[in-house]
Amino acid sequence: MKRGIGDLAILGGPPAFEEALHVGRPHIGDRQAILDRIGDMLDRRWLTNSGPYTEELEERVADYLGVRHCVLTCNGTTALQLAARALELAGEVIVPSFTFVATVHALSWTGLTPVFCDVDPATHNIDAVAAEKLVTDRTAAIVGVHLWGQPCAVEAVSEVAERHGLRTMFDAAHAFGCSSGGRLVGGSPDAEVFSFHATKVLNAFEGGAITTNDDGIGERARLMRNFGFADYDRVTSLGTNGKMSEAAAAMGLASFERLDAFIASNRANYLAYQTGLKDIDGLSFLSHDETERRNYQHVVVEVDPDGSSVSCDTLIRVLWAENVLARRYFHPGAHRMEPYRSSMPDDRERLPVTDWLADRTLLLPNGGGLEPTAVARVCDLIRFTLERGADVRERLQDGRDR
Ligand code: T4K
């Protein structure tokens, strides 16, 4: 794509794309398979409360991940809350701040106190050494997040937990189909939690899951998901309504059947980005470990505020004006969001890597319906903007002065 500086939409030229390109575009898969299942569900008049689709999806997910229990839920946030309850946590929980705020909110919502931990700048995941320094006699657990589908250092985190008699929990919202040491995530010692939100590689419209090999945790989560009912009229624990609907499970099953194709399509786009964004000053591309399994749903770049000719914000401004809706996940870190910002101001002082990453990290469009040809155009636009940064800045300034 040959461009002149005046072609940029932000500078008054025409938008380059007919339709916006989004981060987290849902994969739809076999439309007829979804509609057929929904039709059968309506004929059956069994719409929720552990119906046949929910049970089938639980079995298939557990089998795929090689875990004893999969408890499906209405979304990933509720799954995190149920998992924290099923683990019987109380007190403080060490958790990264560089994550979607749902990770932290879910813990707070269940009465736990989050203690923010910094992350590793290379992997964006929890730093186990930093986590150990935060352990006190009030600590109940360490929560790791497999950010962007890159599993965090489960072994190192588990060793710290074991040394101090703590539980572990892993937020695997991004990591369905991703492996660590050749094994799919989902079976770590205590519990892992997935999201099957529309933006995730396995999509049930809204949905989530707790997976565990611990029978007690699995049983407690299952009971609490359904108000604590152990049987008709017999409530044996605190509970909530965390159930997945049959329509969601129908979508989840259809997605599951197409998972390999979704991952292949994500990977083709990821590779097109990797090629198209090579050797651009001030831009680094987060490469996935090709010796492991990845779902490639998240395409992540870092814009170096010192090495790049334009700031992350200016790049986003140009991209948005061109209908490329790149997103600043996760900006700012959860520790700079309410209620954490007000309740624990000291934390703002001691998360330098989180702040550093939040300032420079950008997610690029990926997901269903996106083709490598469109990716190539996005790369072209990014390259143009960064290579002609001084001109872009000058023209933006001119636009403001006019
Ligand atoms: N832990 C982590 C690490 C998470 O990232 C998340 C959720 C959770 C826990 C909690 O899981 P859930 O309770 O959500 O199951 C979105 C998603 O809603 C959220 O699931 C996800 N992480 C988060 C990273 O992203 P927003 O507020 O950014 O959504 P929104 O509406 O701005 O959409 C994001 C992008 O997806 C846009 O580019 C538009 C596109 N999109 C979205 C939807 C819903 C579509 O193209 N079609 C759609 O149907 O939170």
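Colleague: Where is P332 found?

Modeller: P332 is found in the loop between β15 and α11. Helices (H or I, at least four residues) and strands (E, at least two) are DSSP runs, numbered from the N terminus. This is a predicted model, in which local features need pLDDT of at least 70 and side-chain atom pairs count only at pLDDT 80 or more, while totals for chains, interfaces and linings use all residues. Residues are numbered from 1 along each chain as its sequence is written, and side-chain values use heavy atoms, with hydrogens and water left out.

Colleague: Which residue does a cis peptide bond join to F330?

Modeller: Y329 is joined to F330 by a cis peptide bond, with omega about -10°. F330 sits in the loop between β15 (324–325) and α11 (340–343). The peptide bond from H331 to P332 is also cis, with omega near -10°.

Colleague: What is phi of D233?

Modeller: Phi of D233 is near 65°, a positive value in a residue other than glycine. D233 lies in the loop between β11 (229–231) and β12 (234–235).

Colleague: What describes two packed helices?

Modeller: The angle between their axes and the distance between the axes describe them. Axes are lines fitted to C-alpha atoms, for helices over the stretch in contact, and angles run from 0 to 180 degrees between N-to-C directions. Angles under 35 degrees count as roughly parallel, over 145 as roughly antiparallel, 65 to 115 as roughly perpendicular and the rest as oblique.

Colleague: At what angle do helix α1 and helix α2 pack?

Modeller: Helix α1 (residues 31–44) and helix α2 (residues 52–65) pack at about 135°, with their axes 11 Å apart. That makes α1 oblique to α2. R37, D40, M41 and R44 in α1 meet P52, Y53, E56 and R60 in α2, where contact means heavy atoms within 4.5 Å. By class, this contact has three nonpolar, no polar and five charged residues. Ala, Val, Leu, Ile, Met, Phe, Trp, Tyr, Cys and Pro count as nonpolar, Asp, Glu, Lys and Arg as charged, and the others, Gly among them, as polar.

Colleague: At what angle do the axes of α9 and α13 cross?

Modeller: The axes of helix α9 (residues 259–276) and helix α13 (residues 372–387) cross at roughly 30° and come within 9 Å. That makes α9 roughly parallel to α13. In α9, A268, N269, A272, Y273 and G276 meet P372, V375, V378, C379 and R383 in α13. The residues of this contact divide into seven nonpolar, two polar and one charged.

Colleague: How many cavities of 30 Å³ or more does a search of the whole structure find?

Modeller: On a 1 Å grid over the protein atoms alone, a cavity is a set of points where a 1.4 Å probe fits but cannot get out, and a pocket is an open set with protein on both sides within 12 Å along at least five of seven lines; lining residues have an atom within 4 Å of a point. Grid points are joined across faces, edges and corners, and a volume is the space filled by probe spheres set on the points. The search finds one cavity of 30 Å³ or more. The largest cavity has a volume of about 40 Å³, and its lining includes H174, K200 and H298.

Colleague: Which residues lie nearest the centre of the largest pocket?

Modeller: F100, H197, T199, K200 and Y329 lie nearest its centre, out of 33 lining residues. The largest pocket has a volume of about 640 Å³.
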